[in-house]
Amino acid sequence: MPRSSPAVRSAWLGVASALLVLTGCARQPPPHRAYVTNERDGTITVIDTETDRVVSSIEVGGRPRGIRLSPDGRRLYVARSTPMGQPYDPAVNHLVAVDVARGRVVAEYVAGTDPEQLAVSTDGRRLYTSNEDAGTATVFDLASGQPTATLVVGIEPEGVTASPDGRWVYVTAETSNTVTVIDARADTVAATFLVGARPRDTAFSPDSRWAYVSAEIGRTLSVVDTRTHTVVATVPLVAEGNVKPVGVVVSPDGRRVYVALGRANAVAVIDAERRVMTGTIPVGNRVWGLGLTPDGRKLYAANGLSNDVSVIDTRAGRVTTTIPAGDGPWGVAIAP
């Protein structure tokens, strides 16, 4: 058999080395991460969800609140506004993209005034944000980084959530007590409907059949039929203390809904089938954003006044550890 040339041998060595690297990566996948925005110090706390330890902190500046991951987990998108108590600064009121691997801001998107929350389309091509002071939502094309639509979405819009099937984006407006439905195929307003007083956040069931909307002043959770965009049930959220429902997440099997109760310092647990609240789990002070691990076994709760994150074992229904965060933990995003 003739000997191969040096160039061919070099090529084969390169392929073999690449295969070894890929095989090694497959054997040792990176651990899951939870990303928590800290609205008072302009940072993101990065937590290893396997060890429940802080592994790094990312500087983003301004007042970061809403946070989402791209579908491939490579980029974080953060809604950033002017810090509390400071004069309005248009340059700060942008969305920022963070390269997860490098841990730094790599892009900015100019939105409307006071962006608070945002959502990424399921195909990773578009970014939606609420502009609270402007009463609008902006749609960005992520390939070009340019806005493609600005939509009127109620008075003081805040929460922005995309349905898992990619069909709808729900925007909650706290002063008009409405949810605006954006048709994600056309990026137009498809419907608007009333919910409880001061709606703050929305979560969809895994099959996108139902949406759950928290009402901070109404102290309720609205159950919405996404086929008709109508409220079909209202769940009272009752607990000791000053109940102020905000963040909402749904378990991967769709059977449970978790709601952050704000200054009541607890997370409510709702049976999604029976549409009743079954209990509460005590956490830190002023719980706000929530995030579930992909297997649904751990729930991370951002506590804005105690400056920490409570880790809840969802099977046991209790906090197993508390993790120090930055100043003013607000939103949570968890990598797939």
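These exercises walk through one predicted protein model, from the whole chain down to single residues.

Residues are numbered from 1 along each chain as its sequence is written. Local features need pLDDT of at least 70 and side-chain atom pairs pLDDT 80 or more, totals for chains, interfaces and linings use all residues, and side-chain values use heavy atoms, with hydrogens and water left out.

**Exercise 1. Describe the build of the whole chain.**

Step 1. Start with secondary structure. The protein chain has one helix and 28 strands. Helices (H or I, at least four residues) and strands (E, at least two) are DSSP runs, numbered from the N terminus.

Step 2. Check the radius of gyration. This value is taken over C-alpha atoms, and the globule rule is 2.2 Å times the number of residues to the power 0.38. For 336 residues, a compact globule would come near 20 Å; the protein chain has 21 Å, so the two agree.

Step 3. The C-alpha trace spans about 80 × 45 × 45 Å along its principal axes.

**Exercise 2. Describe the surface, the contacts and the charges.**

Step 1. Find the buried share. Of the 336 residues in the protein chain, 53% are buried. Buried means under 20% relative accessible area, exposed over 50%, partly exposed in between (1.4 Å probe, protein chains only).

Step 2. Read the surface. The accessible surface is about 14700 Å², and 52% of that belongs to carbon and sulfur atoms. Areas come from the Shrake-Rupley method with a 1.4 Å probe; for residues, only the protein chains shown count as cover.

Step 3. Look at contacts (heavy atoms within 4.5 Å). Take those with a separation of 6 or more: 40% of them join residues 24 or more positions apart.

Step 4. Turn to charge. There are 34 positive and 34 negative side chains, and the centres of the two sets lie 7 Å apart. Lys and Arg count as positive, Asp and Glu as negative; His and the chain ends are not counted. Each charge is placed at NZ of Lys, CZ of Arg, CG of Asp or CD of Glu.

**Exercise 3. Find non-glycine residues with positive phi.**

Step 1. Asn-177 has a phi of about 55°. Asn-177 lies in the loop between β13 (168-173) and β14 (178-183). Its relative accessibility is 24%, so Asn-177 counts as partly exposed.

Step 2. Arg-275 has a phi of about 60°. Arg-275 lies in the loop between β22 and β23 (276-282). At 28% relative accessibility, Arg-275 counts as partly exposed.
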